[in-house]
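I opened this notebook to keep track of what I looked up, residue by residue and then ring by ring. The entries follow the order in which I made them.

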Amino acid sequence: MSPIVTRFAPSPTGFLHIGGARTALFNWLYARRFGGTFLLRIEDTDRERSTQAAVDAILDGLKWLGLDWDGEAVSQFERAARHREAVEAMLATGAAYRCWASPAELDEMRETARREGKPMRYDGRWRDRDPSEAPPGVAPVIRLRAAQEGETVIDDRVQGKVTFANKDLDDLVLLRSDGNPTYMLAVVVDDHDMGVTHVIRGDDHLTNAARQTQIYRALGWETPIWAHIPLIHGADGAKLSKRHGALGVEAYRAMGYLPAALRNYLARLGWSFGDKEFFTGEELTAAFDLDAIGRSPSRFDFAKLENMNGHFMRAASDDALFESLVATLPYLPGGPAVLETLDSRKRAQLRAAIPGLKERAKTLVELLDGAAFLFAARPLALDDKARDILQKGGRAHLAALLPKLSAAEWSHEALEAAVRTYAEETGAKLGSVAQPLRAALTGRSTSPGIFDVLTVLGREESLGRIADQAGA
RNA sequence: GCGCCCAUCGUCUAGCGGUCCAGGACGUCGCCCUUUCACGGCGAAAACACGGGUUCGAGUCCCGUUGGGCGCGCCA
């Protein structure tokens, strides 16, 4: 079997949304699985809508997701000359022809079609008409002379055999009147020239596959292997909108998801491997294949993504998670501010707090939020619950505890011993002593284990915070 | 409207004619663990859209209905 070549071909008219990200992932996975090549092509033939900002956003998104492509990204627009060349060849063989129908005529056809309840189809009025009848001064488009009878069959790796009647496929435009290639033509020529063996894309392209097949035939080329994957819908089953999650992948970064978790989640959306839910990067590449992709559309579920992200965070080593957090700081809410105060001492504290923090966070945002007590300045602002704990007898415990703690060795074990002894002596439950400490130390009613907080914060800062609340 | 695709718990899915009174995961609800919150453990509720066939036997095959999606540009 010849080496596999896949590609991801986004159009730079916006950010890399979640559906595109999954398409890219599947192509990447498939290529990596079989030792093939994963190419990237920017479909920027629409000069009106393509922007460099969008190209940058897409590349950035792919890099963040960890989907590295082979070689340089190809600009489709820059290949326009080659596309025209292909059209010339089709013109020469009669597989294509010039059409002088005006936009107004096309509108009219559309109108008529709608009135008669028929689909809009170009009526082929210039198919066999002599070019000498062309209206003067009008630049023609070039259309494919498509088969009008018979059928075109797509043998799809996920959709199976799909048959289209050729009468339903009209003579599509290959070259616009301004001489620029259309998408339909450009994809075919580029995929062919780039040696793409497998076209894995959204099933919104399924009918395009039939049209493109006709172009391949007209050019005398072999079609690639198709794999049209179902689309991702929003939580309510409707098309993804910004409200539902048609966000750029950078939004997921800002929400604190780990690339590995997002990859795992996305892979399992539409694809399965028995009952297995969690995959390491290696496991994913080893297991992925086209046959196990389902044919029905799926809904995006943040709850499951979040759960999965929590698993990945907990499974990550403390060092790796710490590095991920720091690297993501610029994108997290409140992150840049934290980054500024992150001197070597704070870094060490944050790193030391990771084990206690990561058990309690499902995203990096939550992780950062849990670490807030490290960056708070004395006297701490208290939230309602913390204030409540302190007011209901908490201060007395703090006042009594203060000398005992300051006398203790500053280690987890020694501090715990001191507090437990105090609780036993006074007959208080450990919880009723730990909670006031937590309130004074973190300003909240929830935090990592209290002795961890004490040691991470250090003797001086801890005693200061306790003293702040013991008195008042 | 026409064409194509799809249809198992709320969600993601396993299931490829009998081992399914349908399994796993998320979510939900209990209980346990516990210095808080989490994590973890145990348990519960929860689905084969509907109607016809085929077959000794159908979640699994066929047809129809209903519902949903996608496509129908000199956009990609």
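Is Pro436 buried or exposed? I noted that Pro436 counts as buried, because its relative accessibility is 2%, where buried means under 20% relative accessible area, exposed over 50% and partly exposed in between, with a 1.4 Å probe and protein chains only.

Before going on, I wrote down that this is a predicted model, in which local features need pLDDT of at least 70 and side-chain atom pairs count only at pLDDT 80 or more, while totals for chains, interfaces and linings use all residues. Residues are numbered from 1 along each chain as its sequence is written, chains are lettered from A and ligands numbered from 1 in the order in which they are written, and side-chain values use heavy atoms, with hydrogens and water left out.

**Entry: Pro436.** I placed Pro436 in helix α18, residues 430-442; helices (H or I, at least four residues) and strands (E, at least two) are DSSP runs, numbered from the N terminus. Setting aside neighbours within four places in sequence, I found Pro436 in contact with Ile389, Leu390, Gly394, Leu398 and Gly431, contact meaning heavy atoms within 4.5 Å. I also looked up Ala337, which is 99 residues from Pro436 along the chain, and the C-alpha atoms of the two are separated by 29 Å.

**Entry: Leu144.** Leu144 lies in strand β5, residues 141-144, and I recorded it as buried because its relative accessibility is 1%. Leaving out neighbours within four places in sequence, its contacts include Met90, Tyr97, Asp171, Leu174, Gln214 and Ala218. For Leu174, 30 residues away along the chain, I read a C-alpha separation of 6.5 Å from Leu144.

**Entry: cores.** I took a nonpolar core as a set of buried Ala, Val, Leu, Ile, Met, Phe, Trp, Tyr and Cys residues joined through side-chain atoms within 4.5 Å. The largest has 100 residues, and those with the most contacts inside it are Leu62, Trp271, Phe300, Leu325, Leu367, Leu405 and Leu437. Helix α1, residues 18-33, gives the most to this core, with 9 residues. Apart from it lies another core, of 33 residues, among them Ala96, Ile154, Val199 and Ile215.

**Entry: rings.** My search of the whole structure gave 14 aromatic pairs; rings of Phe, Tyr and Trp (its six-membered ring) pair if their centres lie within 6.5 Å, and planes under 30 degrees apart count as stacked, over 60 as edge-to-face and the rest as tilted. Tyr216 and Trp226 form an edge-to-face pair, 6.2 Å centre to centre with 80° between the planes. This pair links Tyr216 in helix α6 (residues 206-219) with Trp226 in strand β10 (residues 225-229), 10 residues apart. Tyr216 is buried at a relative accessible area of 2%, and Trp226 counts as buried at 3%.

Tyr252 is in helix α7 (residues 249-254), and Phe300, 48 residues away, is in the loop between β12 (298-299) and α10 (302-315). Tyr252 counts as buried at 0% relative accessibility, and Phe300 at 2%. Ring pairs also link Phe26, Trp271, Phe273, Phe279 and Phe288 into a cluster.
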